[in-house]
Structure formats: structure tokens, C-alpha cells
Amino acid sequence: MSRPRGSGGARYSTRCAAEKADFASAALPFGKTFRYTHFAPFCGGTMPGSGTDKTKNWIDQPGPVVVLVEPQLGENIGAAARAMANFGLSRLRLVKPRQSWPNDKARMMAAGADRILDGAQLYDTLEAAIADCSFVLATTARAHDQAKPVVGPNEAVRQIAPRIAAGETVAIVFGRERNGLENHEVALADRIVTLPVNPAFASLNLAQAVVIVAYEWFELLTEGKLPFAMPEKSPQAPKQQLLAFFAALERELEKVEFFRPPDKRETMQVNLRNIFSRMQPTQQDIQTLHGVIMSIAEGRKGPARGGVLDGAEAEMLRELLAEHGGGRAPEERGPVRGLARLLRRNPTEAERLLWQALTNDRRFAGRGFKRQTPIGQHICDFVSFPLRLIIELVPAEKSEGAAAPRAARGAWLKERDYRIVEVLATDVESDMATVLDRIGQHLA
Ligand code: SAH
């Protein structure tokens, strides 16, 4: 066996001296074991964004040797090394690379697959590069018209796997970018490997040819096992949970007389249940669906976070405050603000509707309207400070006691140049368009 000319890369090496391997095993499809190597973290930097994950085990399973014959571009050598690292191959041999070696462009394209480049061995001839191999495959896009079995990449890796598992050294040879492998080089091989390609455009980039063969190798080695799967965050819903959901769903549908006509009821139920059974729901799925059904059935959720009052109670609270002077607490801002917050969280129906209309109508959007905002000691239903405009919702039935404080407060605000538009809550519910037009007149 002839000696390699030496291995390149010492001055590029980013590996630390303490790098060491420990092995774990798993079953291989062709009867041997599957060995992962765990390397201590690299001391030097790898290329950023290379997808290198140092927390994962490097797959260091015996595989075929990749031989590149007179590669012209360092970039292709680097890209081939990257592809090899992606698919668990580590042994690279170069026969007379045309550019100097080690090579910066190769390093750049390897994107972190430094260990492959560092371990690459250089040879003067293909014969020397395959001298220790018992089985050799020559990859080519061209028919070389030689009496030699031709196989596709999948068949190729199937044929070499048992040999490699038995400890043999097997080489896969790739040719020059410009003119591939010479006839006499193909003659050295036991098999010809060609890819199923468009015959009118058959020649792949060197590194891309390497990646396809490397992929086939790894796919066979790992039986196509993917590195990750959809996370199972919630276990499958047990039948009991599913049945309880069906019962709730059907109970709600009964209420709206969904199952009509009565003779179709059973089929309808079965069909409906099957929709959900088919999707193999998780416990979380069923909880969510349950929540959806119940919230549709029970209508709009109660007041927003922090709210406890329904529409009627919210109105009563406002009346009470109106009678007692808007929660006045002289020289104290805290309670007023607290009340304002409470009112904001407990909108009356009219308030909710008007606010929705104000925020959706282009005339009012961006004019700085706020809800339930303190002005001095007073809390106003809606105010725009930029416009100095206040919109007050007036309840349908005004309480006697609220009239005087309301007037006092109006005077206080007018003194401070606020304009007040009073809007009847009943109008908001019955004729929003007119209400908005009226408010709109005050915008100029
Ligand atoms: N023009 C050259 C192709 C060189 S491509 C020729 O006609 O042969 C560089 C190398 O990539 C090839 O030598 C071969 O090893 C590999 N390759 C490219 N296309 C291939 C294909 N369709 N099937 C198998 N190997 C291929």
C-alpha cells in the first residue's frame, strides 16, 4: 500500500488536543453495530450559521471512502466535505487537487465540516488512493462502454454495506469537474454508479453528486430514521373524554334542534362523531374544542379581565357614582383612577357598542378618544384630549339624584373649555349612524 503524501490542514485545525471519543452503539440494518462518537466541544470556532450542533453526537460509523480525482475547485472539495459530514461519512481522499492544499475556499464551503478536511489524505494517483480498498465504485454520468455492472446510488450502497460491515475498505470515486473520470480510471472499479437523471442534462456538480450518494448511504445506515418528529405535547384523548365531549356537543345541538328530521338523527350523530374521531384528537384538542363549543353556546364571555359586573350592574354603578359626585375624593387622585379602571373593565352594553363604533369609524380613529378617563375629579365616558371633546352616555332613565351633580360637573368641564356631547344610551342601541353623525359634527 502506498503512503499518502500527507494530510493537510494543520494550520487550519480548530480541534482541541483533548478531543476524544467515547462510543455508543445501536443496531445496524446489516447486522453490525451503529457507533456514535461523542466529541468534546471544539476549542476553535466553526463557521457561524453552519448548522453545527456540538451538543449532538457526531455519527462516526465506518463508511465508504470518498475519492475525488483531480478536483479543480477548492469550493467543490469543501462542499463535498460538508455533504459527507451531513451524511455520516468521514474519510476523504484527494488525488492531485488542482489548487494548493490546504485551501481556503474549501474551508469556507465546508461550513464547519473541518474534521473532514483536516483528515483528508492526498495521493498522486488513483491507483495509490484505492490501493487498500477491496471494492471500488466509479461514479460517472457517461456510459463508458465497459463490461462492468452499472448500478444506481441506492443499489450501490446496498452492495457495499455488508462489505463495510465486515471491515472491508470500500471506495467511491468521483471524477474531475470538467471531464469526469478517464476510461482507464473507470476500469479500476468493480461497479459503475450512475444516477437516474435527465439524459439531456446528465452531469451534476461534483459536490452534488457526492451528496446524493452520501445521502443514499446514510438513509440505508439509519433506515431513514429522521432526527426529530412532531412533538407529542398532549397524549391521545381517552374514549371517555371523547364521549363526554360528544355528549356536551350533542346536548348543545339538541337545544338548537340541529338533529332534524328525527329519522336522520342517528346518521347525523354518527357522522358528526366520526369527524372528531378521525382526527385522533389529543386531550388538549378535546379540551380546546370543548371550550369552543361552550363559549359559542354560552355567548360572549363576561366582562374583560378584572371585570365582574354584567351590563345592568355596570349601569347601576355609573348611576351611583353620578349621584355621589363621580367618586369625588378631594385632593386624592388614587381612588378616582381606581374607579376609572373599574368602569373601563365593566362597560355597559351601550358603551361597548359606541366604543366599537368609534374605533372602527375612520372619522374618529386617530383622534385620541379614550374610555372612562379621569379629568380632574371627574370620570368621563369618552374623551379626546386633543379635541377637548367629551362624549357622555346618558342612561334612558336618569335618576333624580344624579341631575344636580351632572350639571355641576358639566359646568366644571365647560369652564375648562371642554365641549360635551350627550348621547342617549338608547340611541346608541337603536340608531348608531345618527349618533356618530352627531358626534362627527364636533370634530372640526
Ligand atoms: N463532464 C463530466 C462530468 C463531471 S461532473 C463528464 O461528462 O463526465 C464531476 C463528477 O461528478 C463526475 O465525474 C462524477 O463522478 C460525478 N457525477 C456527475 N454527474 C453524475 C451522474 N449523473 N451520475 C453519476 N455521477 C455523476
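How many bridges join strand 7 to strand 10, and in which direction do the two strands run? Three bridges link strand 7 (residues 135–139) with strand 10 (residues 191–193), and the two run parallel. This is a predicted model, in which local features need pLDDT of at least 70 and side-chain atom pairs count only at pLDDT 80 or more, while totals for chains, interfaces and linings use all residues. Residues are numbered from 1 along each chain as its sequence is written.

**Sheet and packed helices**

- Seven strands form an open sheet in the order 6-5-4-9-7-10-8, with parallel pairing; strands pair if DSSP finds at least two bridges between them. Strands (E, at least two residues) and helices (H or I, at least four) are DSSP runs numbered from the N terminus.
- Strand 6 (121–123) and strand 8 (150–151) are at the edges with a single partner strand each, so one side of each is left without a neighbour in the sheet.
- T139 has V193 of strand 10 as its bridge partner.
- Helix 1 (residues 74–86) packs on the sheet, touching strand 4 (65–69) and strand 5 (92–95), and its direction makes about 165 degrees with that of strand 4. Contact means C-beta atoms, placed from the backbone, within 7 Å; axes are lines fitted to C-alpha atoms, for helices over the stretch in contact, and angles run from 0 to 180 degrees between N-to-C directions.
- Helix 7 (residues 206–221) also packs on the sheet, touching strand 4, strand 7, strand 9 (170–174) and strand 10, with a direction about 150 degrees from that of strand 9.

**Confidence**

- The protein has a mean pLDDT of 84, and 83% of its residues reach 70 or more; pLDDT is the predictor's confidence in each residue, from 0 to 100.
- Over residues 6–29 pLDDT stays under 50, and the model has 56 contacts beyond four places in sequence for them.

**Backbone geometry**

- Most residues other than glycine have a negative phi, and most peptide bonds are trans.
- W101 and P102 are joined by a cis peptide bond with omega about 0 degrees; P102 lies in the loop between strand 5 and helix 2 (104–110).
- The R260 to P261 peptide bond is cis, with omega near -10 degrees, and P261 lies in the loop between helix 8 (239–255) and helix 9 (265–278).
- Q372, in strand 11 (residues 369–375), has a positive phi of about 40 degrees although it is not a glycine. Q372 is buried, with 21 other C-beta atoms within 10 Å; buried means 20 or more such atoms, exposed 12 or fewer, and partly exposed in between, with C-beta atoms placed from the backbone.

How values were computed. Contact = placed C-beta atoms within 7 Å.
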